[in-house]
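Please open the model in your viewer and keep the selection panel at hand. The tour below goes from stop to stop, saying what to select next and what is there.

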Amino acid sequence: MTTTIRERERRTGWMLIIPAMLVLAFVYAYPIARSFWLSLFTENLGTQLQPVFSGLNNYGRMIQDGRFWQTIANTMVFTISTLVLELILGMGIALVLNQAFKGRGAVRTIAIIPWALPTALIATTWAWIFNDQFGVVNDILLRLGIIDTGINWLGNPAPAMLSVIIADVWKTTSFVAILLLAGLQSISNDLYEAHSIDGASPWQSFRQITLPLLMPQILIASLFRFAQAFGIFDLIQVMTGGGPGGATETVSIYIYATVMRYLDFGYGAALVVVTFVLLVAVVALAAFFLSKLRTATTGDA
Amino acid sequence: MAKLELSHLNKTYSPKIIPVKDVSLDVDDGEFLTLLGPSGCGKSTILRLIAGLEQPTRGEIRIDGKNVTQHSPGDRNIAMVFQSYALYPHMTVYDNMASGLKLKRVSSEEIRRRIEQVSLFLGLGNLMQRKPGQLSGGQRQRVALGRALVRQPDVFLLDEPLSNLDALLREQVRAELKQIFESQNTPVVYVTHDQTEAMTLSTKVAVLSNGDLQQLDPPRRIYTHPANRFVAGFVGSPQMNLLDLKCEGKFAILGNYKIPLPGRMTPPPEITLGVRPEHVRLAEPSDTHTLQGKVILKENLGMSDLLSVKVKGAENQTLRALLPSDRPWSAEEVTLALPPDLIHWFDVETGDRLTSENLQPVY
Amino acid sequence: MSTAQLPAEPRTQTDKSSISWRRILWITAIVLTVIFSLAPILWQVLTSFKTNADIEAVPTVYLPTRFTLQHYIEIFARRPFANYMFNSGFVAVTSTLLCLLLGTPAAYALARLRLPGERIILAIVLVVTLFPYILLFLGLLEIVRATGLANNYLALIIPYTAMNIPLTILVMRSFFQQLPRDLEDSAKVDGYSTWKMLLHILLPMTIPALVTTGILTFIASWNEFLFALTFITRESMKTIPVAVAQLSGTTVFEIPYGAQAAATVVGTLPLVVLVLLFQRRIVQGLTSGAVKG
Ligand SMILES: Nc1ncnc2c1ncn2[C@@H]1O[C@H](COP(=O)(O)OP(=O)(O)O)[C@@H](O)[C@H]1O
Ligand SMILES: [Mg+2]
């Protein structure tokens, strides 16, 4: 036998890994690489959908594209507001789910239901809730005397943005809560007991024990949620289609419209590239802080 | 011809972690070799190297004269019993025992025959259709043994197979193991940190420390002629007295007393004296060399008492003596004798055993 | 009660009342959590059983004055909802199985076989889980067009398999790392090859973890919208999310709210059942996929 055991083991290892990696390369690496390439061409109705090399033209056009900058702004507003709200609410729910009470299992089950449901269906649900004529939100606000006439939630810019943010927060808070709950469960109760013997109030315990020890989970949840919110598509597409007047149009919606409605493939590809680069930059930054935090809390490199 | 030969085995995980350093060993048919040493000294690693579960950094493993260093574990025809037993949890006892044989394409009648024979021998007959989860610790241990036995391998490897059993069961199974492997006529390599197991089971013991082979001898000789200070201290309970003493002329100085060195050598300036507590005895009138000391501690071990004695004139040296409980001695002071032929001498620096032959000073 | 205990009494009372105050707060929080999680869904359930008159009443009628199944009948009789359900189910199950088939061996290799570059592979896998699908859709669209896979289940099965592989690798890898090594060693000594060992020894022990991962991938596949919207245009091939979303878009003036609600209830029911049955596993899988990875 000429090969060593280790070589045979490695060969088996690669054979186990390669099919999965091929699928990933085909579905992830190729399309993204292809977008980089395509972004150097103009390929739209003007060129009869034939690719014509145009260098960095698409990127030049993007700089002057007011709609593009608007979508970036919308995306940031959406991403940051949902992120903040989800972290606060998710923390609250995680604290509730971490309490010992009868029926906790049932409440945990209920709390993860929103995460499991299809976003597109949730979008129709919330569109119905925010319906201008028959929506239950308007009815409640009217009954409480907060408003005099129904608001056209999805038909006005600011209310529309508020609506999609509320719908997204509802849908994904449970994901944040699950991750934070796992972190809470790993904090030993002794710490709280020792701290309360020292005379700390629950709020002080939360600030001085829970929050610092939960930092890794908070950052990981933020990272996941940032990426998902940044690429939000289905919820907005179904609820508002990006409207009214582009008020809720995020980058994904714009890319989709550019490709599918305007058939502007080259420009769509350039938008994909920019989104990709932005996202990778943020992820790299977050990963850097995460590893710094790990070394800071555990003390090893 | 040795059935199992290890030559110059070395396993280096990293420059600092070298659990096996140049170990060479032979195990013949019917020999029972125990690898004995403290936890972390590399015993399991040697066993895993023999099994092929790890690859040596250097060195060779031969079975029946054939170099198997690069053979996969399954191609070496070995059987291994793990500390955790490693029974396949989803298979019945029967299938656990049969699995290795099926892979070797042994006919199903032959499998049935072998399993029946072994299970009769081990008293497993009525457990055949159970899953490991439905067995007691002792039963699992037996199934693990049975799985190894039905394989009829060229070498048996056992890694601390008794350490998960409670003390009572351990003694019983230890006795059984001895019977079982005496009937096998196949090389056995057995890993333990328990010297009682090593002493009772083995035909040969390899004492290891930090990846180095310290001594390879029959158990009796490990006890009577420890090759160095480490082996002397590790084997035997209570631990051997090891005292670093100054030398004057042909004597080692212990407090007010002079202990004669053997042979006709010029002594080194310092020397380590070793004597087992069970060999220290109360002095009798006929003894020429005796020591007096103060009893500072008496531990009752049942049959005997373990005394810690401060020797007169040597305030920082304690000698421990194991004396029969029924023999009277003064509660305060005792006079002890060290039988000269049961005293071991070791080099202070290297820890090597010194005999009248190698005690010759080179300087 | 003796007089000696009198001074103690007011204290115990304040203690009691402060404790019960806290309890009331917690109970309120629990109730709010439940309402928050269920209210929108329950509203949709209520709507789905209302008559159109109730649905479009102003001010809003909260509890239906008359229960009706007309919307359910409509979506199954007048629209091919059974078909949509089948499409979603078929695509989700197939891609889940494929994903486990491809991802589990890779997870094992990354857990145990010490391959050179495995840290890089893991980092890539981790980063890939963060990519939104919009980044892939243009490139995939080209492939789908070039290969004529539009309106073919494969156009969904392949991307769904791929998008769930990273999670599968992370969850299964952390599972394999927790398995006792001795078992694998024992199998090797017995003569099992890596493949046979995976199949005969590890697979039976892996089933719980496979179920966990499978549930997560099933949910993700069932819920996917963008690829289903783009690659499938034939009505009979559509999956639930697209079908329901497009229910609303068909007629601008008369949105079928009731049918939409019924469709939402039907389309979410399989997932709600999964959550009810496997809450613990889902939580486990999510946390081991995200946190430990
Ligand atoms: N895979 C490994 N990587 C690095 N070090 C290891 C590995 N396996 C064992 N070691 C180290 O090798 C040494 C010997 O281990 P082992 O052979 O298990 O000892 P023993 O069985 O005698 O208790 C220990 O210090 C252990 O930490
Ligand atoms: Mg060991």
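**A walk through rings and domains**

Begin by selecting Phe227(C), which is buried, with a relative accessible area of 1% (buried means under 20% relative accessible area, exposed over 50% and partly exposed in between, with a 1.4 Å probe and protein chains only). Before going further, note that this is a predicted model, in which local features need pLDDT of at least 70 and side-chain atom pairs count only at pLDDT 80 or more, while totals for chains, interfaces and linings use all residues. Residues are numbered from 1 along each chain as its sequence is written, chains are lettered from A and ligands numbered from 1 in the order in which they are written, and side-chain values use heavy atoms, with hydrogens and water left out.

**Aromatic pairs**

Over all chains, a search of the whole structure finds 35 aromatic pairs; rings of Phe, Tyr and Trp (its six-membered ring) pair if their centres lie within 6.5 Å, and planes under 30 degrees apart count as stacked, over 60 as edge-to-face and the rest as tilted. Select Phe41(A) together with Phe53(A), an edge-to-face pair with 5.5 Å from centre to centre and 85 degrees between the planes. Phe41(A) lies in strand E1 (residues 41–42) and Phe53(A) in strand E2 (residues 52–53) of chain A, so the pair ties together parts that are twelve residues apart in sequence (strands are DSSP runs of E with at least two residues, helices runs of H or I with at least four, numbered from the N terminus). Phe41(A) counts as buried at 13% relative accessibility, whereas Phe53(A), at 54%, counts as exposed.

Tyr133(C) is in the loop between helix H5 (118–128) and helix H6 (134–147) of chain C, and Phe227(C) is in helix H10 (residues 226–231), so the pair ties together parts 94 residues apart in sequence.

Next, select Tyr28(A), Phe36(A), Phe276(A) and Phe131(C), which form one aromatic cluster.

**The domains of chain C**

Finally, colour domain 1 (13–68) and domain 2 (79–292) of chain C, whose bounds come from an automatic or database domain assignment. Their centres, taken over C-alpha atoms, are separated by 33 Å. Where do six residues of domain 1 of chain C meet six residues of domain 2 of chain C? They are in contact across the two domains, contact meaning heavy atoms within 4.5 Å.
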